[in-house]
Amino acid sequence: MQNKNVEYLCSMKLFFKAVFLLLLIVLFNACTIEEARPSKKQHLRIASDCLTKKDEKLFRNFEKKYKIDVHIVSISADSIQQLLKKDGLTTNVDCILVASVYDMASISEAKMLHKNSMKVVTKQLSSKYISVKKDFIGIGYDPYVFLTKNDTLVKWKNYADLVSNYQFTSDLSSKTDLYPYYSTVYAKIQKSGQKQVKKWMSQFIKNKQASLNDSLQMNGTNAFFTLYSHYEKNKSTYKHLKKYNLVFPNQRKAGVYYNMACFGIVKQARNYTNAQLFLNYLLIDNVNKRITHQISIFPVITGKQSPFSYQNTRFKKSSVTPIHQSKFYGKIKMLINNI
């Protein structure tokens with residue numbers, strides 16, 4: 001009996017030694033585990049109809065500062081809507097940058113943007129460049145301009161010339177290009193009544209001749225009506241454009257009419273915080289100038305004195321902007337359908 005007790009005590013000692021040794025091994029291994037693992041890589045996906053994959057280089061400083069990889073999905077504005085509708089809550093797109101107010105307003109109307117996400121920039125940007133729902137902003141001007149011949153007796157200076165007795169050529173035919181212009185005119189002459197607006201629109205359509213190609217040729221007229229971005233993108237390819245005068249209409253009267261490139265954050269953005277950081281980055285003076293230069297438009301952030309000719313010489317910034325005028329799109333569509 002005594003021998004059995006001794007054997008039992010010896011086995012228990014061996015057991016405790018084994019457990020103690022095992023605990024030491026576990027503790028030793030725990031101490032060798034890295035104190036901090038590298039964080040998961042951050043991303044930001046931007047769907048855009050005016051930036052391409054190559055333009056990701058514009059955001060290297062942002063990527064370096066915040067450790068966030070920027071990915072640009074180059075896609076048409078219509079396709080952006082279709083993609084967001086199809087993907088729903090599973091979308092990888094975090095934010096949108098498109099070339100026209102018309103397209104961004106359409107995306108907003110479809111309730112695909114995050115409401116009040118632009119509140120953070122109300123002190124940095126004039127309220128007229130922020131949508132009423134505060135779900136998107138304008139990041140750059142794209143003025144409506146004329147190209148005119150040097151040897152013509154007709155002087156094209158104002159947008160009113162487009163409804164004069166002279167015909168003009170234009171490459172602007174889509175709603176994306178024309179509705180921001182129509183809405184500006186509508187805002188200015190709506191008090192004259194619907195008949196007057198319809199009369200103006202009828203005459204504009206009557207005088208407008210379609211461009212036969214993308215070279216911005218006059219096609220027998222004395223003026224070409226286009227967006228500044230179209231001119232900038234074509235002038236390096238088509239040398240004949242140097243023979244024409246570039247005119248910013250209404251410069252000495254009320255200021256040019258313009259479209260705007262716009263930015264908004266998707267309602268179900270996976271990387272919402274990253275998108276907010278990017279929003280603030282977009283409105284840094286030199287960043288805004290660099291991005292808008294890339295897409296051939298003018299920056300909204302210009303400091304105290306604008307360096308751009310179309311904003312100088314008695315230029316008055318219009319009290320209305322295409323962003324707030326987008327509310328007229330429905331009425332414009334109705335008028336066009338009745339012409």
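Modeller: K53 is exposed, at 51% relative accessibility. Exposed means over 50% relative accessible area, buried means under 20%, and partly exposed lies in between (1.4 Å probe, protein chains only). The side chain of K53 meets that of E56 in a salt bridge, 3.1 Å from N to O. The term means a side-chain nitrogen of Lys or Arg within 4 Å of a carboxyl oxygen of Asp or Glu. E56 counts as buried because its relative accessible area is 15%.

Some ground rules before the next pair. This is a predicted model, and local features need pLDDT of at least 70, side-chain atom pairs count only at pLDDT 80 or more, while totals for chains, interfaces and linings use all residues. Residues are numbered from 1 along each chain as its sequence is written, and side-chain values use heavy atoms, with hydrogens and water left out.

How many salt bridges does a search of the whole structure find? It finds three. Take E232 and K235 next. Their side chains meet at 3.0 Å, N to O. Both residues lie in helix 7, residues 228-235. They are three residues apart, about one turn of the helix. Helices here are DSSP runs of H or I with at least four residues, strands are runs of E with at least two, and both are numbered from the N terminus. E232 is partly exposed, with a relative accessible area of 21%. K235 is partly exposed too, at 32%.

The remaining pair is D285 with K289. Their closest N and O atoms are 3.3 Å apart. The two residues are separated by about one helical turn because they stand four residues apart in helix 9. D285 counts as partly exposed at 32% relative accessibility. K289 counts as partly exposed at 31%.

Which residues of helix 8 are buried? In this helix, residues 272-282, they are N274, A275, Q276, F278, L279, Y281 and L282. Packing here rests on contact, meaning heavy atoms within 4.5 Å.

Now for charges in another setting. K111, K115, K133 and K267 gather in a patch of positive charge on the surface. Such patches are made of residues with over 30% relative accessible area and no salt bridge; like charges are joined within 9 Å, and nonpolar side chains (Val, Leu, Ile, Met, Phe, Trp, Tyr) within 5 Å. Lys and Arg count as positive, Asp and Glu as negative, and His and the chain ends are not counted. Each charge is placed at NZ of Lys, CZ of Arg, CG of Asp or CD of Glu. K133 counts as partly exposed because its relative accessibility is 33%. It is found in the loop between helix 4 (101-109) and strand 4 (136-148).

That loop also holds N116. N116 has a positive phi of about 65° although it is not a glycine. It is partly exposed, with a relative accessible area of 41%. K67 is another non-glycine with a positive phi, about 60°. K67 lies in the loop between helix 2 (60-66) and strand 2 (68-74). It is exposed, at 55%.

Leaving aside neighbours within four places in sequence, S326 is in contact with V101 and A105. V154 is a further loop residue, between strand 4 and strand 5 (168-170). V154 is buried as well, at 17%. Beyond its neighbours within four places, V154 touches Y166 and N222.

Last, the whole chain. Its secondary structure comes to eleven helices and ten strands. Buried residues make up 46% of the 339 residues. Of the contacts with a separation of 6 or more, 75% join residues 24 or more positions apart. The chain exposes about 19,100 Å², by the Shrake-Rupley method with a 1.4 Å probe; for residues, only the protein chains shown count as cover. Carbon and sulfur atoms supply 54% of that area.
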